[in-house]
Amino acid sequence: MKFSENWLRSIADPGCDRATLMQRLTMAGLEVEGVEMMGEGLKGVVVGEIIAAERHPNADKLQVCRVNIGAAEPLQIVCGAPNARVGLKAPVATIGARMPGNGMEIKRAKLRDVESVGMLCSAKELAIADDASGLWELPVDARVGQGIGEFLGLPDASIEIKLTPNRPDCLGLEGLAAEVRALFDLPHASADSKSMAPVSSLTRAVHLHNPADCPRYLGRVIEGIDPAAQTPLWMRERLRRSGLRSISVAVDCSNYVLIEMGQPTHAFDHDQLRGSVEIRRARAGETIKLLDEREVALDEGFLVIADSERPVAVAGVMGGWETRVTDSTRNLFLECAFFAPAAVQGRARKLGLHTDASHRFERGVDPELAHRAMERLSQLIIEIAGGQPGAVIEAVSVGHLPVRPEVTLRRAHLERVLGLRIEDQRVTAILTSLGMQVRATPEGWTARAPSKRFDIEIEEDLIEEVARIHGYDNVPVNIPRGEIALRLEPEALVRTGDVRQALLTRGYSEALHFSFVAAPVLERWNLLEGAVALSNPLNADLGVMRTSLLPGLVDALKHNQSRQQDRVRLFEIGKAFHAGDPPLETPRLAGLVSGAARAEQWAEGDRAVDFFDIKGDLEQVLALAGPGADFAFAPLDEPGFLHGGRSAAVLRDGRQIGLIGCLDPRLARALDVDGDVYVFEVELSAVLQRNVPVAGEVSRYPSVRRDLALVVDQSVPFARIRDRAQGVLGDLLRECFLFDEFVGPSLPAGTRSLAMGLILQDSSRTLTDTDVDSAMQAVVAALGEHTGARLRG
């Protein structure tokens, strides 16, 4: 925010120099980002009036002017400005004055043989403004001979402060002045609440269709203004020093109230409105031509100000072209409203705009300020352009207006956080100086912030306010101390770092991606269902929260492949999001492999990565859950974005926790990635649950191995055979593993031979051949019954 230092001091003058003021504001969290000096070096420049002007005898474009500066004799000054004329009042640089722009000293001179004593000046020559088209025309009431600095209230400084989003109350000079009073212990100033009695009977009805978006809307008609009225110099100067140019009386007065009070307002041409004023959501297909002359399309996400026929403004952002105030406007309809921040946030950005109004409404404007701002705006317009005010028409939904909560501040907590004891009277004075309603309690205080402070909600907010005003310089610099309790990590949980390390040791690199993606990306993956849309996205390509980590990993793969990286292994640990109240956040682990199974070397030939490579990588991670963790892989009912024949569901205790497989080649081609891409994604919480190891007796008796070669249908997975053997043998079976698979013409069509090893051991005795043979017969019989397996040969 940019403002005039003299304007601020006219509201609250701390009685200190500029450097001290800037330092105190910065230390209070209102960082001074820049200071531009204005009007320095104007000694010898006074208000003059041209009392005679004749053509120069030797130059067609010059005039010889006689200028009254309040001295005994008028000055003769040769001037080439096109607007030099009798009766004009303009700045005059007298002999000996130095021009602030270039330091040139004004001396007596002859221009084409005519003596010139002084110089009539433009605003640019005085380094006050950029206008160099002619002499700076001063108001007719400017006193001749008065120093130009004194007349303009110069020197001054244009100060720009950088505000954090939680301090919209300081986006107006009244809010800044309140901060200055609190910082310098100045008396509190009550707001002027004088209202103008209605003179005109003209009014316009106002209807709130979305009170949650706009709980308060004020409208007033001012009838019969003078369209030829000019904004006075004092107002133009204050606006210019605040970074705003003068446009017209109505716009300048609106901008003046914006800077002075922090309340955006708007003026419509009353005669261009049709019927009542409606505050509603835009309808599909509606468009509006804005004040910047762009035609924009609206949707239901925009709140608009409309008459009975069409939208006339985008609420909280910008007014419409058709109802703008022009040079022929005689009747105004003034708007002053409170729009909920959520109804405005992101709307200006969606239209490619950032306006002073949207900047304030997005952060929050005082909901109780509208009445005073309307009266101030009306007063300024009528004082400058005349007119008769009508009654203020208010549409309000009190139940939707924000209410500041009562917050408790504990004395002990304040002392513990700040590391110093502040007297109770000082704490009370600080909170009261910030406009809060303060009540003492045995443990401390309760305080209710004023309506303009949207950022006071919890105890720490009050502590911050006390520290700011008391002064951060007064907070002692001590080495922090504290007793840290040692917390043992539960044995039943695998550390995320161990998961990360397991993948890193297998050649993976960790990737990090934004949690938000473009909706079309999820739609291509068929993952858009249940996605959480952002109400205020950074841009259109980051409009929804991701429902899976895999789109980001595949995008990273594409990025690497485009840079000649053919062998890629990536993983990511992050959250996926799904719609809910509140939205559901699920920690996930995802991985991706593509290219060669091994890095290029002399001892092994090239082989492309396959399903079992990535399955082995995932099993390495799942093994961290310890022995007895019931993980399994099963066919997917609906492969979705995976290849139907090279994919599987990942199960734990019979519940699906993720999936693994090859990316569907059609999707891979659409995503423009090369070769087969294998991926997995599982719930991180299921991976991190560990079975705590339990010590058991080591058998003193030898183990026995028996191998079985079984012919089974190709649709029967080995896991089903293994589980059935475990069920038959129980604790007697210590290990069961597959060591060979054979498919050939010697076997019936549709079958395969699986060779597996079984390790048997009893903890109480040595197994005999009879025991082992009996066990093997039982296993073969059970497998034949449940899976159709038979011994080969």
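1. Arg 411 lies over the face of Trp 445, at 5.3 Å from the ring centre, and Arg 324 is likewise placed over the face of Trp 321, at 3.7 Å from the ring centre. A charge is taken to sit over a ring if NZ of Lys or CZ of Arg is within 6 Å of the ring centre and within 35 degrees of the ring normal.

2. On provenance, this is a predicted model, in which local features need pLDDT of at least 70 and side-chain atom pairs count only at pLDDT 80 or more, while totals for chains, interfaces and linings use all residues. Residues are numbered from 1 along each chain as its sequence is written, and side-chain values use heavy atoms, with hydrogens and water left out.

3. Rings of Phe, Tyr and Trp (its six-membered ring) pair if their centres lie within 6.5 Å, with planes under 30 degrees apart counted as stacked, over 60 as edge-to-face and the rest as tilted; by this rule the count comes to 8 aromatic pairs. The rings of Trp 525 and Phe 641 have centres 5.1 Å apart and planes at 65°, so this pair is edge-to-face. The pair links distant parts of the chain, 116 residues apart, with Trp 525 in the loop between H15 and strand E28 (544-545) and Phe 641 in the loop between strand E31 (631-634) and strand E32 (642-652). Helices (H or I, at least four residues) and strands (E, at least two) are DSSP runs, numbered from the N terminus.

4. Buried means under 20% relative accessible area, exposed over 50% and partly exposed in between (1.4 Å probe, protein chains only). Trp 525, at 2% relative accessibility, counts as buried, and Phe 641, at 10%, counts as buried too. Elsewhere, ring pairs link Trp 7, Trp 234 and Tyr 256 into a cluster.

5. Strand E14 (residues 277-281) has 4 of its 5 residues buried, so it is largely enclosed by the rest of the structure. Two strands pair if DSSP finds at least two bridges between them: strand E11 (residues 206-208) runs parallel to E14 and is joined to it by 3 bridges, whereas strand E17 (residues 303-306) pairs with E14 in the antiparallel sense over 4 bridges. Leu 208 stands opposite Ile 279 in E14, and Arg 280 stands opposite Val 304 in E17.
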